[in-house]
Amino acid sequence: MVALALALLLSTLPSPDVACEGRTDAGETFPTCFDPGTGWVLGAGLHLQDAEAALLLRTGILVRVVRTSDSKVDSSWFDSHRLFMTEAWGGTRKALTFTGYEGLLRRHVDEGSLLVSLGRPVRIPFPFDVAMAVRAAHLERRVWEGPGWTLETGRVGLLLDPVRTNSEWGWLAVGPAASHTLRHDRDGTTHEVSPFTSLMLDTGWETRDGRWALRVTGLAGWAFDFDGGSHFRARGEVALEHVLLAINDAPVALRLAATGVRGDAGLSRRDEGMLGAGLVVRPFGER
């Protein structure tokens, strides 16, 4: 149902030849399209957690690359990279999150196929694009919890996309994910692994002029401690951005975000919900 809804939404997008250049009365041109996946991010806003509001600061680098595969002429790669993404907020629950790298590498083939090599090789139609989601060095430091931290050293998801769009404007990637996490507190450091026992979702939609962008991510499944324990954890995030204006061609967007966590927040693996609202500027974010 989600795939069908997204496919119907994508079908309502305007034609690819959107005018991305405006012109003043003096004849000077200026960009009117923006790339939500490219630019240096600088943002500030309000962070709401447990009915307490605090100032939120956000920064990082976004890089998006679209290229044609060298090995297959009807194949394209849509790669999104997020580098050094950092969020920090104050109040009585001061905290910081830092992600060294996060990427979604999606491959689209005009006519997908699956090769079955048991016995005589057989090639059959395959109705999915494939994608790989990677995250490394995701640190959470919650000052109010004491002298401790949580570090997800690495995560990888092997995903399928049933929508199969041949552009960067929409995607729906879902599949199993594996991860390793360290939790450090006064009592020492514990290891936690999820050996492809979690289900991951990464989906998004953007208008072709880049003025609206929606991204939804989620992870749910079982994680195991090295001492033999296990627990179910889940988290999801929805983020919506809308470009309000551009200052010297740098888009300024309103960003709204909501995050929900079950059994995975902080050192004590709390359940919690968070809301955020603010402005984000992306220098070098024009098309």
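Modeller: Before we start, a strand here is a DSSP run of E with at least two residues, and strands are numbered from the N terminus. Keep in mind that this is a predicted model.

Biologist: Okay, so which strand gives the most to the nonpolar patch?
Modeller: The patch covers about 530 Å² and is made by Leu 244, Leu 245, Ile 247, Leu 254, Leu 256 and Leu 279. Two strands, β14 (230–247) and β15 (250–265), each supply at least two of its residues. The top contributor, with three residues, is β14.

Biologist: Take Leu 244: is it buried, partly exposed or exposed?
Modeller: Leu 244 sits in strand β14. To count as exposed, a residue needs over 50% relative accessible area, and buried means under 20%. Leu 244 has 49% relative accessibility, so it counts as partly exposed.

Biologist: Which cysteines form a disulfide?
Modeller: A disulfide is a covalent bond between the sulfur atoms of two cysteines. The cut-off for calling one is sulfur atoms within 2.5 Å, and the count by that rule comes to one. The sulfur atoms are 2.1 Å apart in the pair Cys 20 and Cys 33.

Biologist: How many residues apart in sequence are the parts that this pair ties together?
Modeller: Cys 20 lies in the loop between α1 (2–11) and β1 (21–23). Cys 33 lies in the loop between β2 (29–31) and β3 (39–49). So the pair ties together parts whose separation in sequence is 13 residues.

Biologist: And what is the angle about the S-S bond?
Modeller: The link of Cys 20 and Cys 33 is left-handed. The angle about its S-S bond is -80°.

Biologist: Which cysteine of the two is buried?
Modeller: Cys 20 has a relative accessible area of 33%, so it is partly exposed. Buried means under 20%. With a relative accessible area of 1%, the buried one is Cys 33.

Biologist: Zooming out, what is the radius of gyration of the chain?
Modeller: The chain has one helix and 16 strands. For 287 residues the globule rule gives 19 Å, and the chain's value is close to that, so the chain is as compact as a globular protein of that length. Its radius of gyration is 21 Å.

Biologist: Last one: what percentage of the residues count as buried?
Modeller: The chain exposes about 15,000 Å², and carbon and sulfur atoms supply 63% of that. Buried residues are those under 20% relative accessible area. Of the 287 residues, the buried share is 42%.

How values were computed:
Residues numbered from 1 in each chain as written. Predicted model: local features only at pLDDT ≥ 70, side-chain atom pairs only at ≥ 80, totals over all residues. Heavy atoms only, no water. Patch = residues over 30% accessible without salt bridge, like charges linked within 9 Å, V, L, I, M, F, W, Y side chains within 5 Å. Areas by Shrake-Rupley, 256 points an atom, 1.4 Å probe, with all protein chains shown as cover. Salt bridge = Lys/Arg side-chain N within 4 Å of Asp/Glu carboxyl O. Helix = DSSP H or I, 4+ residues; strand = E, 2+ residues; numbered from the N terminus. Buried < 20%, exposed > 50% of the residue type's maximum accessible area, 1.4 Å probe, protein only. Rg over C-alpha atoms; globule rule 2.2 N^0.38 Å.
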